[in-house]
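Student: I've got a two-chain model open and I'd like to talk it through. Can we go over it bit by bit?

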Amino acid sequence: MYIAKKPDIPSSEITPREVFENRRTFLKAAGFTVAAGAISSMLPPTAMAANERQKIAGFSKTAYGQDEKLTSYEDITTYNNFYEFGTDKGDPVVHARLFKPRPWTVSIEGEVKKPRQISIEDIFKIAPLEERIYRMRCVEGWSMVIPWVGLPLAKLIAYAEPTANAKYVEFISLADPRQMAGVRIPVLDWPYTEGLRMDEAMHPLAIMAVGLYGEVLPNQNGAPMRLVVPWKYGFKGGKSIVRIRFTEQTPVTTWMKALPKEYGFYANVNPKVSHPRWSQSSERRIGGGLLSPRIKTQLFNGYADEVGQLYAGMDLHKNF
Amino acid sequence: MAMRQISKQQLFRLKAVLFVLALLPLARLFWLGFNDNLTANPIEFIERSTGTWALICLLVALALTPIRLISGINWPIQLRRMAGLFMFFYACLHFTTYLWLDHWFDWNEISKHIIEHPYVLVGFSAFVVSIPLALTSSNAMMRFLGVRWKQLHYSAYLIAILGVLHFWWLVKKDIREPLVYAIVLTILLGIRIYYRYRKN
């Protein structure tokens with residue numbers, strides 16, 4: 001079993017802080033890091049998820065997703081799209097190991113009464129934390145069921161006090177080339193930027209997640225806090241967020257910039273709107289093994305009753 | 001030079017080594033499978049792995065003539081058929097994984113998928129083009145077809161181009177890996193074109 005495994009990385013192998021923070025030495029050590037990365041990528045993923053796991057003290061259970069079969073902790077934490085730590089889904093669990101999600105400050109800016117900074121500790125205190133079991137559908141055609149712990153995004157927005165001009169809210173992720181190897185490569189236009197319309201952001205289903213499986217969010221899943229919008233494709237959920245900016249204009253998100261014909265602002269899960277390169281009509285639920293057939297993808301990822309009215313009268317083929 | 005000529009026995013040994021080497025990627029999949037280590041998405045992993053190795057085997061096969069052209073060493077050509085057939089072997093595994101594990105023979109969905117999505121279409125085309133090559137790989141077919149055999153087997157380059165395109169159009173944004181294959185293929189094709197026009 002996973003928990004019974006003892007950590008595979010001897011403390012001697014973890015880069016000391018002085019080395020890590022000294023750029024020149026760090027560059028010299030980079031050769032070693034690459035070699036270590038090559039070796040670790042040959043090891044089974046279980047052996048690598050050796051981050052310290054820390055329980056979240058107080059959160060309440062909710063009715064969301066009680067009938068769903070949870071994806072295993074191991075699958076959720078070893079199969080990640082988090083390009084800041086590499087483009088392979090096995091990369092983040094390896095390359096995010098030394099990432100430091102504390103101390104962490106989030107800057108609230110743009111169309112707000114008063115721009116300010118808030119620490120992650122204070123964000124934990126804005127509202128009581130809740131567990132929300134949500135389906136997550138990736139644009140690549142796979143899905144998981146994840147027991148997030150977080151706070152309603154609406155509560156965080158209320159705290160931020162946006163002005164009447166705020167029509168959209170932008171979420172900007174950290175892009176620190178020293179801690180995030182993927183950011184040194186211009187695969188995307190860093191920092192990773194996502195956005196929601198205000199009414200979407202205020203919707204009760206949207207949360208800012210700070211944990212999963214009752215524990216503090218692992219680095220590879222977007223520590224210390226990441227957006228979760230369960231009726232949209234997974235990439236809408238910006239990770240390791242450092243800035244929340246309220247705007248009057250529609251934000252241009254990272255994927256819209258990268259491939260405008262393939263990714264729009266809304267990115268709502270919709271089996272009828274194909275991605276130009278692949279179908280969205282079905283998905284594979286992670287964890288079923290080799291012999292698990294695909295399942296049908298549902299409109300708004302099965303949350304149509306809750307969120308459908310947000311898009312009443314909109315052409316979802318145009319606003320993809 | 002000692003390496004210019006090799007004996008029949010050496011060739012046999014070389015072929016045996018290549019045969020075992022070429023089966024290692026498959027053995028690895030079984031090993032990872034038995035240890036439950038095919039990642040969270042084992043079907044995608046098998047698809048990726050068999051596809052990658054089909055492409056690598058094909059590029060190995062296509063590298064042997066350029067090696068002869070540059071070095072004058074003849075014997076590697078004798079390994080070409082095996083490399084080519086291993087390409088077909090991995091392509092079959094790749095295609096079977098797609099039809100079976102990925103789509104459970106849902107022909108309706110599969111045919112729509114192939115027609116509507118360019119990356120699937122080029123991959124499927126590459127596979128179809130490779131079938132006659134595999135079928136005509138025997139010495140008897142070689143003799144039977146004569147000059148036409150050579151013309152037919154030039155389409156190995158077409159398969160490689162389609163295969164690289166298949167990979168290229170599949171990746172979302174990070175094109176580094178397919179780019180490596182594209183560069184290798186361009187070099188191999190470039191060498192052949194260069195030698196052809198230098199002669200004339």
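This is a predicted model: local features need pLDDT of at least 70, side-chain atom pairs count only at pLDDT 80 or more; totals for chains, interfaces and linings use all residues.

Student: Which hand does the crossing of α5(B) and α8(B) have?
Tutor: Find α5, residues 118-135 of chain B, and α8, residues 155-170 of chain B; their axes come within 8 Å. Look at how the near helix is turned relative to the far one, as in the definition above. For α5(B) and α8(B) the crossing comes out left-handed.

Student: And how do α5(B) and α8(B) run relative to each other, roughly parallel or roughly antiparallel?
Tutor: Their axes cross at roughly 155 degrees. Angles over 145 degrees count as roughly antiparallel. That makes the α5(B) and α8(B) pair roughly antiparallel.

Student: How many charged residues are in the contact of α5(B) with α8(B)?
Tutor: From α5(B) the contact draws on residues including Y119(B), V122(B), V129(B) and L133(B), and from α8(B) on residues including I159(B), L162(B), H166(B) and W169(B). By class there are 13 nonpolar and six polar residues in this contact. The charged count is no residues at all.

Student: What hand does the crossing of α2(B) and α8(B) have?
Tutor: Helix α2 covers residues 42-71 of chain B, and its axis comes within 10 Å of that of α8(B), crossing at roughly 145 degrees. In the contact, L55(B), L58(B), L59(B), A61(B) and L62(B) of α2(B) meet residues of α8(B), among them I159(B), A160(B) and G163(B). The crossing of α2(B) and α8(B) is left-handed.

Student: Which residues of α8(B) are buried?
Tutor: To be called buried, a residue needs 20 or more other C-beta atoms within 10 Å of its own. Some residues that meet α2(B) are on the list, including I159(B) and F167(B).

Student: What span does α8(B) reach from its first C-alpha to its last?
Tutor: α8(B) has 16 residues, and the expectation at 1.5 Å a residue is 22 Å. The model is close to that, with a reach of 22 Å.

Student: How are α4(B) and α5(B) set, roughly parallel or roughly perpendicular?
Tutor: Helix α4, residues 107-116 of chain B, packs on α5(B) at an angle of about 100 degrees, with the axes 5 Å apart. H113(B), I114(B) and I115(B) of α4(B) meet V120(B), L121(B) and F124(B) of α5(B). Those residues divide into five nonpolar, one polar and no charged. Given the angle, α4(B) and α5(B) are therefore roughly perpendicular.

Student: Is A134(B) buried or partly exposed?
Tutor: A134(B) is in helix α5 of chain B. Beyond its neighbours within four places in sequence, A134(B) contacts L85(B) and F88(B). With 15 other C-beta atoms within 10 Å, A134(B) counts as partly exposed.

Student: Over to chain A: which residue is joined to W190(A) by a cis peptide bond?
Tutor: Look in the loop between β5 (168-173) and β6 (193-197) of chain A. The omega there is about -5 degrees, and the partner of W190(A) is P191(A).

Student: And which residue is joined to A223(A) by a cis peptide bond?
Tutor: This one sits in the loop between β8 (215-216) and β9 (226-228) of chain A. Omega is again about -5 degrees, and the residue joined to A223(A) is P224(A).

Student: Is F300(A) buried or exposed?
Tutor: F300(A) is in the loop between β12 (295-296) and α9 (304-307) of chain A. Its phi is positive, about 50 degrees, although it is not a glycine. With 21 other C-beta atoms within 10 Å, F300(A) is buried.

Student: How many residues of chain B are in contact with chain A?
Tutor: On the chain A side, 21 residues take part. They divide into twelve nonpolar, six polar and three charged. The number on the chain B side is 15.

How values were computed:
Residues are numbered from 1 along each chain as its sequence is written. Chains are lettered from A and ligands numbered from 1 in the order in which they are written. Axes are lines fitted to C-alpha atoms, for helices over the stretch in contact, and angles run from 0 to 180 degrees between N-to-C directions. Helices (H or I, at least four residues) and strands (E, at least two) are DSSP runs, numbered from the N terminus. Angles under 35 degrees count as roughly parallel, over 145 as roughly antiparallel, 65 to 115 as roughly perpendicular and the rest as oblique. Two residues are in contact if their C-beta atoms, placed from the backbone, lie within 7 Å. Ala, Val, Leu, Ile, Met, Phe, Trp, Tyr, Cys and Pro count as nonpolar, Asp, Glu, Lys and Arg as charged, and the others, Gly among them, as polar. The expected span of a helix is 1.5 Å times one less than its number of residues. A residue is buried if 20 or more other C-beta atoms lie within 10 Å of its own, exposed if 12 or fewer, and partly exposed in between; C-beta atoms are placed from the backbone.
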